[in-house]
Amino acid sequence: MKKFFAVSILALGLAAGAPFVAPALADQYGGFQQFADAGSIKPFARDLGGILGSATFHSGRSLGFSGFDAGIRGGMQFRPDANDRILRNNAVHVFGLPWVQAEVGMPFKIDGFIRGISYQGLTIAGGGLRYGLLKTSDKPWAPQVLISGVGHSVVHQFFSASHFGASLVASMGVPSFTPYIGAGFDRTRVVVRSSTVDPSLDGTTVQTLESRFTAGMSLRPWPFFYVNLAAILVHGLPGAEGGLGLHF
């Protein structure tokens with residue numbers, strides 16, 4: 001049984017790490033200056049926003065006062081938007097972002113979390129709050145529901161961005177296995193800092209508002225340790241998210 005759990009966790013860990021490994025093979029966002037034209041900036045903002053809004057939750061249950069959760073997260077999209085020439089012309093196919101995230105439980109069923117990364121020319125800082133809509137219960141398969149909001153600031157040499165996302169999340173299960181679903185939206189604002197294709201675009205701002213849907217599961221084979229995996233649909237395009245961490 002111990003061997004089975006060890007193999008399972010290794011496999012899940014590799015899967016959860018996929019959002020970090022596959023995109024790391026290329027500089028995903030380095031083609032912005034070279035390929036950003038008037039018709040590609042909004043699709044790029046949609047793609048960036050969907051990734052920024054992913055992997056912010058893995059349960060519909062709040063942490064509870066003095067609870068703590070820390071780990072790594074990752075979100076990936078399986079292909080860029082059809083009109084996102086910034087990524088497509090840079091030979092980017094699967095793309096995504098990793099994060100380090102820390103969460104703390106506060107009174108009144110409120111959780112706070114921060115996240116961030118410096119990755120492939122991007123510096124991202126973010127954080128948010130969650131609020132549990134139902135009373136926390138340890139009863140097996142008791143439903144749990146929360147609302148979650150997250151914001152990010154993104155800086156790159158050739159563009160900057162801000163993001164706000166909100167989600168409604170529901171889950172039920174037992175401590176070792178918890179399926180969850182979520183639905184929400186991502187509002188993303190991108191500012192062009194440099195475009196060699198069309199220098200007149202410098203300073204241009206675009207904004208998008210798109211949907212995001214999530215269905216996944218969280219596994220806890222050992223006390224305090226968990227792995228989560230989920231499928232996502234961001235602005236109509238498929239992707240995945242995952243993470244692993246410690247939960248107290």
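Strands β4 (residues 122-132) and β5 (residues 144-155) run antiparallel and are joined by 10 bridges. The model is predicted: local features need pLDDT of at least 70, side-chain atom pairs count only at pLDDT 80 or more, and totals for chains, interfaces and linings use all residues. Residues are numbered from 1 along each chain as its sequence is written, and side-chain values use heavy atoms, with hydrogens and water left out.

Two terms come first. Strands pair if DSSP finds at least two bridges between them. Helices (H or I, at least four residues) and strands (E, at least two) are DSSP runs, numbered from the N terminus.

A hairpin of three residues joins β5 to β6. In a regular strand the side chains alternate between the two faces of the sheet.

Next, the charges. A salt bridge is a side-chain nitrogen of Lys or Arg within 4 Å of a carboxyl oxygen of Asp or Glu. By this rule there are nine salt bridges. Asp69, Arg73, Glu103, Asp111 and Arg130 are linked in a network of them.

Asp69 forms a salt bridge with Arg73, and their closest N and O atoms are 3.2 Å apart. Asp69 and Arg73 are both buried, where buried means under 20% relative accessible area, exposed over 50%, and partly exposed in between (1.4 Å probe, protein chains only).

Arg73 also forms a salt bridge with Glu103, with the closest N and O atoms 3.2 Å apart. This pair links distant parts of the chain: Arg73 is in β1 (residues 68-77), Glu103 is in β2 (residues 95-106), and they are 30 residues apart. Why does Arg73 count as buried? Arg73 is buried because its relative accessible area is 2%. Glu103 is buried too, with a relative accessible area of 3%.

Glu103 forms a salt bridge with Arg130 as well, the closest N and O atoms being 3.1 Å apart. Arg130 has 6% relative accessibility, so Arg130 counts as buried.

Turn now to helix α3 (residues 41-52). The expected span of a helix is 1.5 Å times one less than its number of residues. For the 12 residues of α3 that gives 16 Å, and the end C-alpha atoms are 16 Å apart, which agrees. The helix is mostly covered, with 11 of its 12 residues buried. Among them are Ile41, Phe44, Arg46, Asp47 and Leu52.

On a 1 Å grid over the protein atoms alone, a cavity is a set of points where a 1.4 Å probe fits but cannot get out; lining residues have an atom within 4 Å of a point. Grid points are joined across faces, edges and corners, and a volume is the space filled by probe spheres set on the points. The structure holds one cavity of 30 Å³ or more. The largest cavity has a volume of about 30 Å³. Its lining includes His58, Asn228, Glu241 and Arg73.

Methods
On a 1 Å grid over the protein atoms alone, a cavity is a set of points where a 1.4 Å probe fits but cannot get out, and a pocket is an open set with protein on both sides within 12 Å along at least five of seven lines; lining residues have an atom within 4 Å of a point.
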